[in-house]
Amino acid sequence: MELAIIVLLVVFFGLLLLNVPISFCIGLATLATMLLSIDFIPAVTTMAQRMAGGINSFALLAIPFFILSGLIMGRGGIAKRLIECAMALIGMLPGGLALVNVVSCMFFGAISGSAVAATSAIGSFMLPEMKKQGYDINYSAAVTASAATTGMLIPPSNILIVYAIASGGVSIAALFVAGYLPGILLGTALMIVCAGYAKIKGYPVGARLPLKLVLQKVGAALPSLFMIFLVIGGIISGIFTATEAGAIAVVYSLILAVGIYREVLPKELPAVLMKAAETTAIVMALIATSSAMSWILSYEQIPQAISAAMLTLSENPLLILLMINLILLLVGAFMDMTPAVLIFTPIFLPVAVELGMSPLHFGIMMVLNLSIGLVSPPVGSVLFVSCAIAKTRIEAIIRPLLPLYLAMFAVLMLVTYVPAISEFLPQLFGLL
């Protein structure tokens, strides 16, 4: 088993350092580990079977649907209306534009389910405006990147669907509902930091709008926000499944962007479909190879060995959960969320269950933890997107990110050690 771990890690990180795409790193490292105990032809056959089996799931059909609906929403003028709605509601508070940035990312993340999409759509509007109003561009980029991670928790979230598959049957509906309170708590913590930072720096406060104009801006955003209630309400009430909800989200976003707002022309749809297909292919390749890696880990009994080792290190569940969080924080800094969830769920979930944590609670903790990795160098994809929009360097936004990191870590600790934050709403709706 020790040799299997060494081969897996050496091949994986060796290829990663050579800038090989991560799905190939995972697949080749898995195949190399298989060859230690399985002959070549059976190993290749097993690899193909596990990859095919990993994506042969009806629930995974929700992912391309939500990807497509998010792309349509991103091009359909939705982001602008959400920003104007947030500006009308909270723009007059201390650090108004930063708060608007956070709330807009929460709104858009709840619609698109993608942190990268939220960063791109909201950042393109907010970063130039914040710079114009005297905000430091590096701070603005840090706020956008950290706020975009709320979309990983606030449903519909593709990564929660992936966790449901990896955990072996946690309800997607329960996970979606469970993500609301942690996602809102994370956004609130970031807003508190932004308000305090604005006070220290003396950033300007927006003008209070007349009530009539506020109602007008909120009304313009309501059709977009209604998709949240349409999708989640339908899932909770049992009218349709998460996969069917994804298809309904696509139809609704088309009606909104093409029919009502008319900001997406029919001739632009082929390009949107092509981008959705490309993104889906990347995600599915990661899921397929990660499924194969999960199988070889189980075959070599690596998760059981790690679980036993961790439980012998300490009998204190608080300490063990802290260790798991620190490991996942490190993993998130180097690995994309999808393979991280698929690979490390089978390793750490048994430990968490042994400590009395529910699989649903662990899933929310894990996704929140890995979301921090999206804004952590060297791999953080959201960090790169935010820097590209702001036209700045990653090292320049690390310092303004530090207080935001602390807020995110504080929320992570609350979610880890207070199960009710994740479990209250699912219990309320009879999903847990």
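The questions and answers below go through a predicted model of one protein chain.

Residues are numbered from 1 along each chain as its sequence is written. In this predicted model local features need pLDDT of at least 70, side-chain atom pairs count only at pLDDT 80 or more, and totals for chains, interfaces and linings use all residues, while side-chain values use heavy atoms, with hydrogens and water left out.

Reader: How many helices and how many strands are in the protein chain?

Author: Helices (H or I, at least four residues) and strands (E, at least two) are DSSP runs, numbered from the N terminus. By that rule the protein chain has 21 helices and zero strands.

Reader: Which radius of gyration does the protein chain have, and what would a compact globule have?

Author: The radius is taken over C-alpha atoms, and the globule rule is 2.2 Å times the number of residues to the power 0.38. The C-alpha trace spans about 70 × 45 × 45 Å along its principal axes. For 432 residues the rule gives a radius near 22 Å, and the chain agrees with it, at 22 Å.

Reader: What share of the residues in the protein chain is buried?

Author: Buried means under 20% relative accessible area, exposed over 50%, and partly exposed in between (1.4 Å probe, protein chains only). Of the 432 residues, the buried share is 54%.

Reader: How far apart are the centres of the positive and negative side chains?

Author: Lys and Arg count as positive and Asp and Glu as negative, with His and the chain ends not counted. Each charge is placed at NZ of Lys, CZ of Arg, CG of Asp or CD of Glu. There are 17 positive and 15 negative side chains, and the distance between the two centres is 22 Å.

Reader: How many disulfides does a search of the whole structure find?

Author: A disulfide is a pair of cysteine sulfur atoms within 2.5 Å. The search of the whole structure finds zero. Cys85 is in no disulfide, and the nearest cysteine sulfur is 14 Å away, in Cys105. Cys194 is in no disulfide either, and its nearest cysteine sulfur, 10 Å away, is also that of Cys105.

Reader: Is Cys194 buried or exposed?

Author: Cys85 counts as buried because its relative accessibility is 2%. Cys194 has 0% relative accessibility, so it counts as buried.

Reader: Which residues does Met335 touch, not counting residues up to four places away in sequence?

Author: Met335 lies in the loop between helix H16 (317-334) and helix H17 (337-354). Its relative accessible area is 11%, so it is buried. Contact means heavy atoms within 4.5 Å. The residues touched are Phe12, Ile22, Ala340, Ile343 and Phe344.

Reader: How far apart in space are Met357 and Tyr417, C-alpha to C-alpha?

Author: Met357 is in the loop between H17 and helix H18 (359-373). Beyond four places in sequence, Met357 touches Leu321, Ala352, Phe362, Met365 and Thr416. Met357 and Tyr417 are 60 residues apart in sequence, and their C-alpha separation is 9.7 Å.

Reader: Which residues is Asn158 in contact with, leaving aside its neighbours within four places in sequence?

Author: Asn158 is in helix H9 (residues 158-166). With a relative accessible area of 14%, Asn158 is buried. Its contacts are Ala62, Ile63, Phe66, Ile67 and Gly113.

Reader: Is the peptide bond from Pro155 to Pro156 cis or trans?

Author: Most residues other than glycine have a negative phi, and most peptide bonds are trans. Pro156 is in the loop between helix H8 (137-148) and H9. The bond from Pro155 to Pro156 has omega near 0°, and it is cis.

Reader: What is the phi of Lys391?

Author: Asn19, in the loop between helix H1 (2-17) and helix H2 (22-34), is not a glycine, yet has a positive phi of about 70°. Lys391 lies in the loop between helix H19 (381-390) and helix H20 (394-417). Lys391 counts as exposed because its relative accessibility is 76%. Lys391 is a residue other than glycine with a positive phi, near 55°.

Reader: Where does Ile421 lie?

Author: Ile421 is buried, with a relative accessible area of 17%. Among the residues it touches, beyond four places in sequence, are Ala178, Leu181 and Pro182. Ile421 lies in helix H21 (residues 420-428).
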